[in-house]
Amino acid sequence: METPKRVQVLSVIAALLFITVAMAAGYRRIGLPPVVIVGGSSLVALVLWIKTYLRRPLDAEIILPGFLLTVAALEVHMIEEYLTGFGPAMSRLFDISWTERSFLMVFAFVGPTLYALTALGLYYRVPLAGFLAWFIFIGPGVAEFTHSLFPLLKPAIQPELAGSISQAVSNGRFVVDMHIYWVKTTGVYYFPGLYTAILPMLPGIYAIRRLITGSRRVAS
């Protein structure tokens, strides 16, 4: 069944509002990198959502299994990131205030709430849920390959010091236990989340393929 034009317009407005709020909150609380990550992923998701799901939401059996597999794999991936200090490591890398507390707020509390509501929306074929699913497939899904690049980047804060440090970053907020993972300093090619980054990528790519194929069948 085709989504009414009015609902399509309201859904796009809601998606743009989500992008704006997420980017503003990320910039205010952490810094520029979340804006680039969230903004880039959400804009790609917006375009693909409009082309595939917005007009004709797909049956839940097409998109929901891939979505649930992606978020389940993502949660496993977050365990590695939490245990190895992903947020503080990003803080040292980019001179931003991504504390352990803010990491938990986003990925342990806000994220699962959003995933559950999105799954419910996909089940009932709510158009906006398709955008949120695309955002998960692109951002926390496919874009996890960026973990392989982080060990190669020179940290913005004391790159030559091998130990962890605690100090105020550029926006004045204090961040504790900022470990360094620059391969030139540590001699080890690793960054928090590197080993499990592929886990959400695989179901994410699978879900994207299913989504695109399903949308083409509906349109034909």
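**Exercise 1.** Identify which residues of the largest nonpolar core touch the most other members, and which elements supply this core.

*Solution.* The largest nonpolar core has 45 residues, of which Trp-49, Phe-67, Trp-98, Leu-122, Phe-131, Phe-137 and Phe-191 touch the most other members. Such a core is a set of buried Ala, Val, Leu, Ile, Met, Phe, Trp, Tyr and Cys residues joined through side-chain atoms within 4.5 Å, where buried means under 20% relative accessible area, exposed over 50% and partly exposed in between (1.4 Å probe, protein chains only). The model is predicted, with local features requiring pLDDT of at least 70 and side-chain atom pairs pLDDT 80 or more, while totals for chains, interfaces and linings use all residues. Residues are numbered from 1 along each chain as its sequence is written, and side-chain values use heavy atoms, without hydrogens or water.

Turning to the elements, two or more residues each come from H1 (5-29), H2 (32-52), H3 (60-83), H4 (86-94), H5 (100-123), H6 (127-141) and H8 (198-219), these being DSSP runs numbered from the N terminus (helices H or I, at least four residues; strands E, at least two). Helix H6 gives the most, with 9 residues.

**Exercise 2.** List the contacts of Phe-131 beyond its neighbours within four places in sequence.

*Solution.* With contact taken as heavy atoms within 4.5 Å, Phe-131 meets Ala-15, Phe-18, Ile-19, Ser-42, Ala-45, Leu-46 and Trp-49.
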